Number of protein chains: 2
Amino acid sequence: MKKSLLDFLLEGRFVSGEKLASNLGISRAAVWKKVNSLRKYGYKIKSIKNKGYRLVSRPDIPFPEEIKTGFNPKIIGREIHYFKEINSTNLCAKKLANESTKEGTVVIADIQLSGRGRKDRTWSSPLGGLWFSIVLYPKLPPERGMLVTMTASVAVAQAIKEITGLNPNIKWPNDVILYKKKVCGVLTEMEAEMDRINYSIIGIGINVNNEIEEGLHDIAISLKSIVGNHISRVKLLKSMLKHLDENYVKLVAKDYKTIRELWFSFADIIGKKIQVNDEKEDISGVVIDVDESGCLILETDKGQVRIVSGDMSFL
Amino acid sequence: MKKSLLDFLLEGRFVSGEKLASNLGISRAAVWKKVNSLRKYGYKIKSIKNKGYRLVSRPDIPFPEEIKTGFNPKIIGREIHYFKEINSTNLCAKKLANESTKEGTVVIADIQLSGRGRKDRTWSSPLGGLWFSIVLYPKLPPERGMLVTMTASVAVAQAIKEITGLNPNIKWPNDVILYKKKVCGVLTEMEAEMDRINYSIIGIGINVNNEIEEGLHDIAISLKSIVGNHISRVKLLKSMLKHLDENYVKLVAKDYKTIRELWFSFADIIGKKIQVNDEKEDISGVVIDVDESGCLILETDKGQVRIVSGDMSFL
C-alpha cells in the first residue's frame, strides 16, 4: 500500500523534513505543502526550524490514510473513499460496484444528506456518526443475502465491544442494540442471479458521537451518550473493518456455521417470546432457531413457522 | 389499448379500405401504407379494387400487435418490445427496469446473439424459438426470488400443455422438461434490498420450432420435433403470458400456497431419490418437500437438509 505523510509523522517527537522527504520520495518543499494541507483538515502539526515536524493532535475524521495505517486487510477496506458530505454512501457504492470496483471497497462520509434505512425509511446521518458502505461480491446464492448482512452486524458488535468495552446485542436480523435502543442499523442492497449474488452493498450507520435526532430518543442511542465521552470514530471503523475482514473470509468459504455462532454470541433470542410483522401479518411465538439462511424459526399456535423478513419485538 | 390494422383485417373475407380507414381514424392512403409495411414483415394480404383487403396468411412472428390482439392482461404484457435480433433480452429488460418501465413489460427477440443461461452458460437462441424476458417489481422479500421464477416456469408448462396437448414436467427449480430433455430454461436476475425485491427480470427460452444445436441433442429438445409439425410461437407466447398474468397476481398477493401447488402439479419429485450439487458438495437424498421459498428439503444420511441452489438429477 502507498505510504502517506501520516505514516511517518510522529506524535510526541520531531521528525526532520529531510527524513520525511526521503521516506516519501518527494522534495522538502512538497513535504511542507502536504503538512499544510493536513493542517487544513484539522491536524495540528508543530514545525520548528532545524528540528522538523511534530504531530500534536489529529482530528477524528475517517480519512483513508488514517484507516490504512497499520491495517493490511485481505479484502475489506483495500480501497477507501472518503466524502465530507454525500447524498448516500450506498448509492455511491452501488455506482462503484457497477464499475467493478475492488471487492471490499469502502465509501464513507461525515454527513449523509439523504441517508436511507430499511423499507425506504430515512436515516438521520449528522456529523459525529459513522456512515459507510462496503462493496462485496460474495459469490453465494441470493438465499444467503441475509447472512451477508448478519456478518456485518457481527463485526459492528465486535468493534463496539473492543473499543468501548460495552456488550451490545444484535436484534434479528441485524440491528445492533444497547439499552434496548438502536446504535447501529444495516441496509443491504444486492444484485443477483438465481444462483449467485453479483454484488452486495452493505450500508452501515453507527450512532457514535452524533446527536440523536429529536423524536428518536426512545429508539436510538449514541455510544458517546452511554460511555460519557468522545469515542474515536477512526478506531471504531478500523476495528469493524478488521473484524469484518476476518468474518467475511469465513462466510465466502461457506462456513455458515461459524457466522451463525458468532451472530448467536451477540443475540440472546432462543427461547424468547417475540412478535414479528412478517410479510403477511403479525405473528407471535417462541424462537426455536435462526437457520443458516438467517431466517427465524418460530414455534406458534399453528405450528412451526419460518420467517424470512420482518420487524420483530420481544413480548 | 391502441388498436392496430391487424385488429380489423380479417382472414377469409374482404374489409373495405374505407372501413379500415374509419376504424383506425386515418386516411385510405395511410391504410395502404400500413398494408404494405405488414407485407414487408411477411403478412400475405390480398387487395382487390372495390372489395378492399383480405388477410391471406400471417407470419408466425411475435409482434406486439399479434400478442396484444384479444389479450387484456392485468400486469404481464401490457407493454411489449420486439426485436428481430438482440444481444440478450435480459440485458435489454434490465435497462428498461432501470428506467422504471411498466411492470410486466416483455422484451422478445427472434434471435439472441449472446443469450445466456444460468451460471454464465451460453444459451443457444436461433430463429424459431421463443426468447423473451419479463420485467417484474414483485415487492416480495428476496427470499421469495426463486418462487418468482417458479411462477414463470409454471406458466410455460401450462402454455405448452394448452397449445400442444403435451404434459411437460418441471425439474427443480425451473427447467421445463419433455422426454427427460429441456424444452425451456429460465434465468432470473434481481435487484433487491433486504426486505424487498426492487426488480426481477425473468428470462425465458423455449425450444419451439428451432433446431437444437449440435452436441445438445442429449439434453435439449424442441416442441416441433415432438409434435411433428410447426407450433405457433404467437399462440404459445400469448398463452404463457396469459397464464403468468393469472399466476403472478396470486404470487404478489402472497398466496404462496397456490403457486406451490401449481408447481407441484407439474413436478413429480416428492419421494424421489435425487442428487444435487449444492453450494458446497454433492448431496443425495430423498425429496420430502419443496418449501414456500422454493427450496428443496432432502432426507439424507446425515438428517434433513435444505437446498437453496444447485443442479439436480434423479438417481
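Mentor: Before we start, a crossing is left-handed if the near helix is turned anticlockwise from the far one by less than a right angle, and right-handed if clockwise. This is a predicted model, where local features need pLDDT of at least 70 and side-chain atom pairs 80 or more, while totals for chains, interfaces and linings use all residues. Residues are numbered from 1 along each chain as written, with chains lettered from A and ligands numbered from 1 in written order.

Trainee: Okay, in which hand does helix 6 of chain A pass helix 8 of chain A?

Mentor: Helices are DSSP runs of H or I with at least four residues, strands are E runs of at least two, and both are numbered from the N terminus. Here helix 8 of chain A covers residues 233-252. Its crossing with helix 6 of chain A is right-handed.

Trainee: And is helix 6 of chain A parallel, perpendicular or oblique to helix 8 of chain A?

Mentor: Their axes lie 8 Å apart, at an angle of about 140 degrees. Axes are lines fitted to C-alpha atoms, for helices over the stretch in contact, and angles run from 0 to 180 degrees between N-to-C directions. Under 35 degrees is roughly parallel, over 145 roughly antiparallel, 65 to 115 roughly perpendicular, and the rest oblique. So helix 6 of chain A, relative to helix 8 of chain A, is oblique.

Trainee: How many residues of the contact of helix 6 of chain A with helix 8 of chain A are nonpolar?

Mentor: Contact means C-beta atoms, placed from the backbone, within 7 Å. Helix 6 of chain A brings residues including Leu147(A), Val148(A) and Ile163(A), and helix 8 of chain A brings others, among them Leu236(A), Met240(A) and Leu251(A). Ala, Val, Leu, Ile, Met, Phe, Trp, Tyr, Cys and Pro count as nonpolar, Asp, Glu, Lys and Arg as charged, and the others, Gly among them, as polar. Beside five polar and two charged residues, the nonpolar ones number 13.

Trainee: Which element gives the most to the side of chain B that touches chain A?

Mentor: Chain B and chain A put 23 residues each into the contact. On the chain B side, eight are nonpolar, five polar and ten charged. Helix 6 (145-164) and strand 8 (181-193) of chain B each supply at least two residues. With seven residues, the top giver is strand 8 of chain B.

Trainee: Which residue takes a positive phi in the hairpin of strand 7 of chain B and strand 8 of chain B?

Mentor: Strand 7 of chain B pairs with strand 8 of chain B in the antiparallel sense over three bridges, and Leu178(B) stands opposite Lys181(B). Two residues lie between these strands, and the one with a positive phi near 50 degrees is Tyr179(B).

Trainee: Last one: which are the edge strands of the open sheet in chain B?

Mentor: Five strands line up as 13-12-11-10-14, with antiparallel pairing. Neighbours are turned by 45 degrees against each other on average, direction ignored. Strand 12 of chain B (296-300) meets strand 13 of chain B over five bridges, with Leu298(B) partnered by Val305(B). Each pairing on one side only, the edges are strand 13 (303-307) and strand 14 (311-314) of chain B.

Notes: Two residues are in contact if their C-beta atoms, placed from the backbone, lie within 7 Å. Two strands pair if DSSP finds at least two bridges between them.
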